[in-house]
Amino acid sequence: MKKLIFFVFCILTCAFPAAAADTTAAEAFSKKLADDIMRDVVKAQTSLQQKQDAFRKIFLSAVNIKSTARFTLGRYARTAAPEQLQAYTDALTNNIIYTWTERFNNYAGETITFESSRQSDSGDFYITSKIDIPDTENDVEIIWRITDKKDVLKLADLVVEGVSMLMSYRNEYTAVLQQNGGDVAALVKQLNAKNEILKNPATKQAPAKQ
Amino acid sequence: MPGCATVPTDPAALAAYREANDPLEPMNRKIFAFNMAADKYALRPVVKGYRYVTTPGFRLKVRTFLSNLKTPLTVVNDLLQLNFKNAGKDLSRFVINSTIGFLGVFDVADRMGIEPNTQGFGTTLAVWGVPSGPYLVLPFLGPSNIRDFTGSMANVVFDPFTYISYQNDNNDVTRAFLIGDVVEAVGAYESIVDLLDEGQKTSLDFYAYMRSMFQQYRKKAIENAKGIKTAEDSKPAYEFSLDEDFDEFDE
């Protein structure tokens, strides 16, 4: 029996040496990201502004923001001027920071459990995690899409219950662009106006009686 | 044709138009606006009242109870999808929850490791290979598509409970199931209303935001029904290619 186990072990380590290590690294990357957000944003006893700053730092080091911004513009990215792309990238970054910091701020601290990880044929890693939210039927499934470019891991997308954040931004913003004749400046203007509202959310309303 | 969008000629706009799968957009946007008004003046007060008189735990029990009544419909659809494994699981869920789960108030089966599963005829059609058809916004009911709309009407035919009330020729039973459906709709709406509010608050174009959410969410439900979970089976929808845009901007 011991021989058999040793034999299987040898085959497994020989067959998938690189893949195993990489999947582990990608999972560790996601876990660290979740831990950092939990420590510096969700559970930090700081002001909203400080939480936004903390999240901005974590977020910008975790993603390749230029690629992210470009993807969310769809084919409009090809014709946009460089300065328009830059203005859009800044506006999108702010939008993500304000929206998600507010979400984390309201997050009751339910724990996240990492369940499995795999590498697709294209080389990207998909790390599956679950959050159990009280008084709901099912756990919420969150998949972290991690890209590996020259041994640098980056968060490319977050898929919540099958809904890709990257694709959602792209679908919505290309619809806005379509209505504005493809004018990226118009989209940036709308995003910045929205950001002004999201930056300082009005004092929270008293929670609805449960 | 009135209510139809003009197909754009600009390549970027055409790409966005194709991705949205929404040729009826002008009509859909009008119904969407109507639904928003209906939400404000009719549905929201109902949700507020429902929340006022119940606790979150109680509301979960109501949803569990009513979804248990829909389990036979799920079993029928499992069979139509030739998914005998799920049919067995869902039938056991119904038996367990209807008995030791106090008529479905407690999801005992879930605690025993038999996870909830809901299947309608819309998903069955998708498993059979019927394409979604254009995106559709239904009055009061919200996002759908041609296939799912057809499926939801057919659900009445495939729900075993339809025949129980019909065969008994008892209006009280029919009425009870109708009330059940209304409460189920209120319960389902109540459970997502906060998500809708957040979407409305953060989005630039709430209509396009909802369309994207719905289409992606449905794709996942259909992939689940087909048993697609990993790349080995077939590629899940969220594994779209990034390369075209991601490679050019390596840092």
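In this predicted model, domain 1 and domain 2 of chain B bury about 1,700 Å² between them, 62% of it on carbon and sulfur atoms; buried area here is the accessible area (1.4 Å probe) that two parts lose on being put together, summed over both. The size of an interface is often given in just this way, as the accessible area lost when the parts come together. On the domain 1 side, Tyr50(B), Phe158(B) and Phe161(B) lose the most area to domain 2 of chain B, together 27% of what that side buries.

Where do the two domains of chain B run? Domain 1 covers 22-53 + 126-227, and domain 2 covers 54-119, with bounds that come from an automatic or database domain assignment. Their C-alpha centres lie 20 Å apart. The contact (heavy atoms within 4.5 Å) takes 20 residues from domain 1 of chain B and 16 residues from domain 2 of chain B.

Between these domains there are four salt bridges, each a side-chain nitrogen of Lys or Arg within 4 Å of a carboxyl oxygen of Asp or Glu. Glu190(B), for instance, forms a salt bridge with Arg63(B), with the closest N and O atoms 3.8 Å apart. On the side of domain 1 of chain B that touches domain 2 of chain B, at least two residues each come from H2, helix H8 (146-158), helix H9 (160-168) and H10 of chain B; helices (H or I, at least four residues) are DSSP runs, numbered from the N terminus. H10(B) provides the largest share of that side, eight residues. By class, the side has 11 nonpolar, four polar and five charged residues, where Ala, Val, Leu, Ile, Met, Phe, Trp, Tyr, Cys and Pro count as nonpolar, Asp, Glu, Lys and Arg as charged, and the others, Gly among them, as polar.

We can now turn to the contact between the chains. Chain B and chain A bury about 4,900 Å² between them, 54% of it on carbon and sulfur atoms, and each chain gives 54 residues to the contact. Four salt bridges cross this interface. In one salt bridge, Glu19(B) pairs with Arg170(A), the closest N and O atoms being 3.1 Å apart. On the side of chain B that touches chain A, H11(B) gives the most, with eight residues. That side has 23 nonpolar, 10 polar and 21 charged residues.

Residues are numbered from 1 along each chain as its sequence is written, and chains are lettered from A and ligands numbered from 1 in the order in which they are written. Local features need pLDDT of at least 70, side-chain atom pairs count only at pLDDT 80 or more, and totals for chains, interfaces and linings use all residues, while side-chain values use heavy atoms, with hydrogens and water left out.
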